[in-house]
Amino acid sequence: MGIITIAIISATYAIGIRYINEPEVVILIILILSVILLIITFIITQSFERLVEANRLKSEFVSIVSHQLRSPLSNIRWAIELLMSGRLGKIEEAQLDYFRILKDNSSRMSELARDLLIVSRIEQGKLPLNVQHISLVGLIKGLIADFQPFVQASNIEIVFESDDNIPDILTDPSQVKLIIENLLDNAVRYIKEKGKVEIKLKRKDDSLVFQIKDNGVGIPQTDQKYIFQKFFRSSNILKHQTQGTGLGLFITKAIAEKMGGEIKFKSEENKGTIFWFTFPIK
Amino acid sequence: MTVSCYLFPVLEKMQKIIFIEDESALQKTFGEILKQEGYEVISALDGETGIRLAKTQKPDLILLDLVLPKINGFDVLGQLKKDEETKEIPVIVLTNLEGAEDIDRVLELGATTYLVKENYSLEEVVEKVRQTLKRYSSL
């Protein structure tokens, strides 16, 4: 803004000197112009600061609300679990269906609150990195085990291959877990029928490359440039009415980049998707 | 419950749990399930009451939330572990805070277990209570 102001004043002086004989008039014009430019600069700067502050307040608000939502959501979930357990009396099958609806939807709300909290921390630059040495192979195997009940019920096979020379890495295990969990969740969630998810972990010089491939519904070409945006869900996903917050890939990309890594993908509708995530060993 | 509880029911003491949690809904839910499991549950809706009850009731276990009115759960834990009368009582922290620094601080203060509410089902928490009581009653 300062450079623009100087440029305008300089141009005004050059033009003024050329066409106006009285130097006092030129100086007066330059002075008036300077005052106007200062006022405009002040207004722009103020507006920008207000915008930054509004954005900060918005992130803080989302963070507080998301955090505050977690307690009542835990209360609801546990009360429903107690009711469904039959410990307070026999539940009829028809009633059990509605309790399942309550439980599933309270889980969806918890998931949304958790994701919103992570997003607000990313936007505020407050996502902490607690680094320690971890075995990525062990972490991936653990996640695959966690997903077994769902994949078995959905007739999906998960296959994992890794190179022999995968070292332990120095990173934040909870955040790496979040990245892989999001990608694995997307891979299994959007497979319509019997399907396969192939996970590969390879070493490439000073980096590790995590690849996950599925034969799910894929991402339409027209939607591909939007998939890392907040709340975006592909048109073909919405057609299948599968649930999700639309924040998973935004979070995944933000964390991957914060860790010095990179995330890419390739997808074809009705054929499947491959995601790659590279991150440095050191 | 041992054989003695059938022969001498009066002598077998119910294990006592103090639940320090300001959410009355959780007090009700956990109170109900823990009572059904055969435990005596004493409620404390704030830290000061929790500390006082811990000294007077001599519980076998304390379930402690961290976000509490008046004094927070970290300070409650600190005071319990400094006091000769209460320092040996195992404490399970049950909270929504999940930062690594909170977990480290709580474990350094002497809590037995740190459970993030969002990550556990009701039955899983009860199982942790059961395991902790079994471990500490055999010491």
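Which residues does Ile20(B) touch, not counting residues up to four places away in sequence? I looked them up: Ala44(B), Gly47(B), Gly50(B), Ile62(B), Leu63(B), Leu64(B), Asp65(B), Leu68(B) and Val76(B). Two residues are in contact if their C-beta atoms, placed from the backbone, lie within 7 Å.

**Ground rules.** I am reading a predicted model, in which local features need pLDDT of at least 70 and side-chain atom pairs count only at pLDDT 80 or more, while totals for chains, interfaces and linings use all residues. Residues are numbered from 1 along each chain as its sequence is written, and chains are lettered from A and ligands numbered from 1 in the order in which they are written.

**Cores.** I next looked up the largest nonpolar core, which has 34 residues; Ile20(B), Ile62(B), Leu63(B) and Leu64(B) touch the most other members. A nonpolar core is a set of buried Ala, Val, Leu, Ile, Met, Phe, Trp, Tyr and Cys residues joined through C-beta atoms within 7 Å. Buried means that 20 or more other C-beta atoms lie within 10 Å of the residue's own, exposed means 12 or fewer, and partly exposed is in between, with C-beta atoms placed from the backbone. The elements of chain B that give two or more residues to this core include S1, H2, S3 and S4. Helices (H or I, at least four residues) and strands (E, at least two) are DSSP runs, numbered from the N terminus. Apart from this core lies another, of 29 residues, among them Ile156(A) and Phe277(A).

**Sheet in chain B.** I traced five strands in an open sheet, ordered S2-S1-S3-S4-S5, with parallel pairing. Strands S2 (40–44) and S5 (113–116) of chain B are at the edges, each pairing on one side only. Two strands pair if DSSP finds at least two bridges between them. S3 (61–64) and S4 (91–95) of chain B are joined by three bridges, and Leu63(B) has Ile92(B) as its bridge partner.

**Strands in chain A.** Here I found antiparallel pairing: S5 (207–214) of chain A meets S7 (272–280) of chain A over eight bridges. S6 (262–268) of chain A pairs with S7(A) over seven bridges. S6(A) and S7(A) form a hairpin with three residues between them, and Asn270(A) in the turn has a positive phi of about 70 degrees.
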